[in-house]
Amino acid sequence: MPPVFLSASNLTDQLAQTQVVIETRIAEILAGQKQKNQLEEAMRYGALAGGKRLRPFLILAAANLFEDDVSNALDTAVALELIHCSSLIHDDLPAMDDDDLRRGQPTCHIQFDEATAILVGDAFLSLTFEMMSTDPKIPPNTRLKLIHVLTLASGRYGMIGGQMDDIEAEKKSLTLDEIISLQQKKTGALFEYACEAGAIIGGATEQQQLALKNYAKHFGLAFQITDDILDVTGSESEVGKRLHKDEEAGKETFVSLIGLEAAQKAALVSINDAKREVAIFGDKAKLLIELVDLLNNRKS
Ligand code: GRG
């Protein structure tokens, strides 16, 4: 097992190392064939076929503000990635976004079938909470807190609620504030969770937790604005998914509402807001600062 955190001299190597650590741990958890059905194979496909692993990176980087060895945060980071994978697999289903390409590979329901993809998403959701409730590296009270906060971030007032807003957005036009709120739930809530979880595991003060949550809020907004920009300017082979889907579905985006140039400016404002929030951590926030900077001009 490579070291959990990470001594690379630059962010690119650090991100690459984190991908290896997260994927090694996912492969370990999903290893073996204990049943005579295809669920386990499809789960490995759904979790190990690519992905930037940004959410686990954020947990580890946030925890790393408080302690050098963040191996105790590893399984929380993996659990968060699995719930993210579950949301992508369900999002790609014909009843939702109906996509055939994800992370540069056929989506789970194309590679297997629709029923299997639904069950893979369900199984990851259960596995997330199985892992978090039994994580021996986290004290029981902290486990409960981490699980509780994740139920809020992923549930009806967070990611799942945001997905419902997104589906309903096909039938109506949204204001800028409504788009910000939708995206803050659908995409932003898991980023916020990542920073909050890292802060909880690291034993942050309330002020430090708040700074990290605010960083994540701005990070999430910049991420979504740049996602919308990529949808217009990106290349499918680099992004690894079909582009222009929102436009085809008649959905409002930051770019459709305010235009490309204003969206690029708005992303920069959010990136700078995020950086300002973590200034209280001084040099220790280097990784978080470089990560949010990476959103500017990202290609995938
Ligand atoms: C089953 C828990 C569960 C939820 C179902 C379908 C759904 C409810 C929610 C979908 C939410 C969703 C797809 C949000 C979009 C998030 C987003 C921008 C994903 C892309 O993130 P990246 O770029 O992707 O980090 P990689 O592939 O790098 O991980």
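Guide: Lys275 has a relative accessibility of 22% and therefore counts as partly exposed, the limit for a buried residue being under 20%. The model under discussion is a predicted one. The partner of Lys275 is Asp293, and the closest N and O atoms of this salt bridge are 2.9 Å apart. Asp293 belongs to helix 15 (residues 286–294) and Lys275 to helix 14 (residues 260–277), so the pair ties together parts of the chain that are 18 residues apart in sequence. Asp293, with a relative accessible area of 33%, is likewise described as partly exposed. Side chains of opposite charge can pair when their charged atoms come close.

A search of the whole structure returns 22 salt bridges, and two further examples may be set beside this one. In the pair formed by Glu28 and Arg25, the N to O distance is 2.4 Å. Both residues lie in helix 1 (residues 11–29), and because they are 3 residues apart, about one helical turn separates them. Glu28 is partly exposed, at 45% relative accessibility.

The salt bridge between Lys251 and Glu170 has an N to O distance of 4.0 Å. Lys251 is located in the loop between helix 12 (245–248) and helix 13 (254–258), and Glu170 in the loop between helix 8 and helix 9, so this pair ties together parts that are 81 residues apart in sequence. The two partners fall into separate accessibility classes: Lys251 counts as buried at 7% relative accessibility, whereas Glu170 is partly exposed, with a relative accessible area of 39%. Salt bridges with shared partners link Asp97, Asp166, Glu170, Lys186 and Lys251 into one network.

Helix 9 and helix 13 also matter for a nonpolar part of the surface. Leu176, Ile180, Leu257 and Ile258 form a nonpolar patch there, and together they have about 260 Å² of accessible area. Helix 9 and helix 13 are the elements that give two or more residues to this patch. Ile180 lies in helix 9 and is partly exposed, with a relative accessible area of 30%.

The ligand site comes next. The ligand is surrounded by 18 residues, of which the closest are Lys52, Arg55, His84, His90 and Arg103. By class, this shell is made up of 6 nonpolar, 7 polar and 5 charged residues. For Lys52, a polar side-chain atom is 2.6 Å from a ligand oxygen atom. For His84, the corresponding distance to an oxygen atom of the ligand is 2.8 Å, and for Arg103 it is also given as 2.8 Å. Of the 760 Å² of accessible area that the ligand has on its own, the protein covers 92%. Helix 4 (74–91), helix 8 (159–168) and helix 9 (176–202) are the elements that give two or more residues to the shell. Helix 4 supplies the largest share, with 6 residues.

Ser87 is found in helix 4 as well. Its side chain reaches the backbone oxygen of His84 at 2.7 Å. Ser87 counts as buried because its relative accessibility is 19%, under the 20% limit.

Arg103, one of the closest residues to the ligand, has a phi near 50 degrees, a positive value in a residue other than glycine. Arg103 sits in the loop between strand 1 (101–102) and strand 2 (105–106), and its relative accessible area of 18% means that it is buried. Arg53 also has a positive phi, of about 60 degrees, although it is not a glycine. Arg53 is placed in the loop between helix 2 (39–48) and helix 3 (54–63) and is buried, with a relative accessible area of 2%.

Conventions. Residues numbered from 1 in each chain as written. Predicted model: local features only at pLDDT ≥ 70, side-chain atom pairs only at ≥ 80, totals over all residues. Heavy atoms only, no water. Near = heavy atom within 4 Å. Polar contact = N/O pair within 3.5 Å; in protein donor to acceptor, adjacent residues only side chain to side chain. Areas by Shrake-Rupley, 256 points an atom, 1.4 Å probe, with all protein chains shown as cover. Helix = DSSP H or I, 4+ residues; strand = E, 2+ residues; numbered from the N terminus. Nonpolar A, V, L, I, M, F, W, Y, C, P; charged D, E, K, R; others polar. Buried < 20%, exposed > 50% of the residue type's maximum accessible area, 1.4 Å probe, protein only. Salt bridge = Lys/Arg side-chain N within 4 Å of Asp/Glu carboxyl O. Patch = residues over 30% accessible without salt bridge, like charges linked within 9 Å, V, L, I, M, F, W, Y side chains within 5 Å.
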